[in-house]
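Colleague: I should like to learn how to read a protein model, feature by feature. May we begin with how strands pair?

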Amino acid sequence: MIRPATLDDVPTLMTLEKHAAAAAHWSLEQYRAVFSPSPISRIALVIDEGGAIQGFLMARGVGPEWELENIVVASPARRRGLGARLIGEFLKVARSRGATAVFLEVRESNAAARRLYEKRAFSESGRRANYYLNPAEAAITYRLDFS
């Protein structure tokens, strides 16, 4: 089941992302900000199986475009299509909110994530040298335009 994330989910989200090396590692304050009143539009989704959160997705609106900021699936739940389901639900919600496009960046070495985005019709749109730290690595940017 995919549902909106809540502030009560934050400890579980932080645990999941700490065990995902390629995830964006946010502070407690950054997670709390997602659920605080703000002029920034946010989408926060979790995928729940039997009462256990197996993954999540965070995104923010930037005008008519949306940035997919973070997506994590628990290690034991990977390769079962949960990431694709989260992205599919996110795209539906973003479109319902008037999105014209979605963009993201991903570590150049994260081949699994890159395949996932390409299967969901994202196109490679650029490269940012030395974007990531620990280890230093380029980011590949992707974009999906809604036509």
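Modeller: Please keep in mind that this is a predicted model. As a general idea, the strands of a sheet pair through backbone hydrogen bonds, either parallel or antiparallel. Here, β2 and β3 run antiparallel and are joined by eight bridges. Within this pairing, leucine 45 has leucine 57 of β3 as its bridge partner.

Colleague: In what order do the strands of the open sheet stand?

Modeller: The seven strands follow the order β1-β2-β3-β4-β5-β7-β6, and their pairing is mixed. The edges are taken by β1 (2-4) and β6, each of which has a single partner strand, so one side of each is left without a neighbour in the sheet. On average, neighbouring strands of this sheet are turned by 25° against each other, direction ignored.

Colleague: How many bridges join β6 to β7?

Modeller: Six bridges join these antiparallel strands, β6 covering residues 123-132 and β7 residues 137-145. Tyrosine 132 stands opposite glutamate 137 in β7. Four residues lie between the two strands of this hairpin, where asparagine 134 takes a positive phi near 50°.

Colleague: Let us turn to the helices. Which strands does α3 lie across?

Modeller: A general point first: an α-helix has 3.6 residues a turn, so residues three or four places apart point the same way. In this model, α3 lies across β1, β2, β3, β4, β5 and β7, and runs at about 145° to β2. Among the buried residues of α3 are Leu86, Phe90, Val93 and Ala94. The length of α3 can also be checked: its 15 residues, at 1.5 Å a residue, should span 21 Å, and its end C-alpha atoms are 21 Å apart, which agrees. Just after α3, glycine 98 takes a positive phi of about 90°. Another helix, α4, lies across β4, β5, β6 and β7 and runs at about 160° to β5.

Colleague: Which residues touch the most other members of the largest nonpolar core?

Modeller: In soluble globular proteins, nonpolar side chains tend to be buried together. The largest nonpolar core here has 27 residues, and Phe90, Tyr117 and Phe122 touch the most other members. The largest share of this core, seven residues, comes from α3. Tyrosine 117 is in contact with residues including Leu68, Ile87, Val106 and Tyr142, its neighbours within four places in sequence being left aside. A second, separate core has 17 residues, among them Val34, Ala44, Ile53 and Met58.

Colleague: Is glutamate 67 buried or exposed?

Modeller: Glutamate 67 has a relative accessible area of 10%; because the cut-off for a buried residue is under 20%, glutamate 67 counts as buried. Glutamate 67 lies in strand β4. Not counting residues up to four places away in sequence, glutamate 67 touches Met58, Ala59, Arg60, Phe103 and Glu105.

Colleague: How should I read a pair of aromatic rings?

Modeller: Such a pair is described by the distance of the centres and the angle of the planes. The count in this model comes to six aromatic pairs. The rings of tyrosine 31 and phenylalanine 56 have their centres 6.3 Å apart and their planes at 70°, so this pair is edge-to-face. The pair links distant parts of the chain, with tyrosine 31 in helix α2 (residues 28-34) and phenylalanine 56 in strand β3, 25 residues apart. At 0% relative accessibility, tyrosine 31 counts as buried, and at 0% phenylalanine 56 does as well. Trp26, Tyr31 and Phe56 form one aromatic cluster.

Note on methods. Residues are numbered from 1 along each chain as its sequence is written. This is a predicted model: local features need pLDDT of at least 70, side-chain atom pairs count only at pLDDT 80 or more; totals for chains, interfaces and linings use all residues. Side-chain values use heavy atoms; hydrogens and water are left out. Two strands pair if DSSP finds at least two bridges between them. A nonpolar core is a set of buried Ala, Val, Leu, Ile, Met, Phe, Trp, Tyr and Cys residues joined through side-chain atoms within 4.5 Å. Buried means under 20% relative accessible area, exposed over 50%, partly exposed in between (1.4 Å probe, protein chains only). Contact means heavy atoms within 4.5 Å. Axes are lines fitted to C-alpha atoms, for helices over the stretch in contact, and angles run from 0 to 180 degrees between N-to-C directions. The expected span of a helix is 1.5 Å times one less than its number of residues. Rings of Phe, Tyr and Trp (its six-membered ring) pair if their centres lie within 6.5 Å; planes under 30 degrees apart count as stacked, over 60 as edge-to-face and the rest as tilted.
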